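Trainee: Could you take me through one part of this model in detail? I would like to look closely at the nonpolar core and then at a few loop residues.

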Amino acid sequence: MDIEITRPKQYQDKIRDYHLIVDGNKVAKIKPNSKSTITIPDDAVYIQAKVDWCTSPKFSVQDIQSSKVTIQNTFGGNLLKAIFLPVYYITFGKGRYLIIKSVI
């Protein structure tokens, strides 16, 4: 199965690559402000994004609509979160630092 992954331009993490994990295995590097098409196995159960020690929650492959997903950090342009919550997201919230969304 081919999926198109979009990583929008964001100030946080602009010099760090994200890694795409499929069923526990790293399969691709996702550069900042990029679009790429990645082939994942047809029997894949979940995908996950990772940067350093922070990750996204597991995202079921069955939930992908139209073979397009967006991966971004939790701040996503929200200035208040970017100012007040970074310490939370790199410590206790490290499993929710990144977000994977299916694009319709």
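Mentor: Happy to; we begin with the core and then turn to the loops. This is a predicted model, in which local features need pLDDT of at least 70, side-chain atom pairs count only at pLDDT 80 or more, and totals for chains, interfaces and linings use all residues. Residues are numbered from 1 along each chain as its sequence is written, and side-chain values use heavy atoms, with hydrogens and water left out.

A nonpolar core here is a set of buried Ala, Val, Leu, Ile, Met, Phe, Trp, Tyr and Cys residues joined through side-chain atoms within 4.5 Å. Buried means under 20% relative accessible area, exposed over 50%, and partly exposed in between (1.4 Å probe, protein chains only). The largest such core has 24 residues, and the members touching the most others are Ile5, Leu20, Ile40, Ile47 and Ile71. Among the strands that each supply at least two of its residues are strand 1 (2-7) and strand 9 (98-102); strands are DSSP runs (E, at least two residues), numbered from the N terminus.

Contact means heavy atoms within 4.5 Å. Beyond its neighbours within four places in sequence, Ile40 is in contact with Met1, Ile3, Val22, Ile47 and Val61.

Now the loops. Ser56 sits between strand 6 (54-55) and strand 7 (59-60) and is buried at 1% relative accessibility. Not counting residues up to four places away in sequence, Ser56 touches Gln48, Ala49, Gly95, Leu98, Ile99 and Ile100.

Most residues other than glycine have a negative phi. Asp13, in the loop between strand 1 and strand 2, has a positive phi near 70° and is buried at 9%.

Conventions. Helix = DSSP H or I, 4+ residues; strand = E, 2+ residues; numbered from the N terminus.
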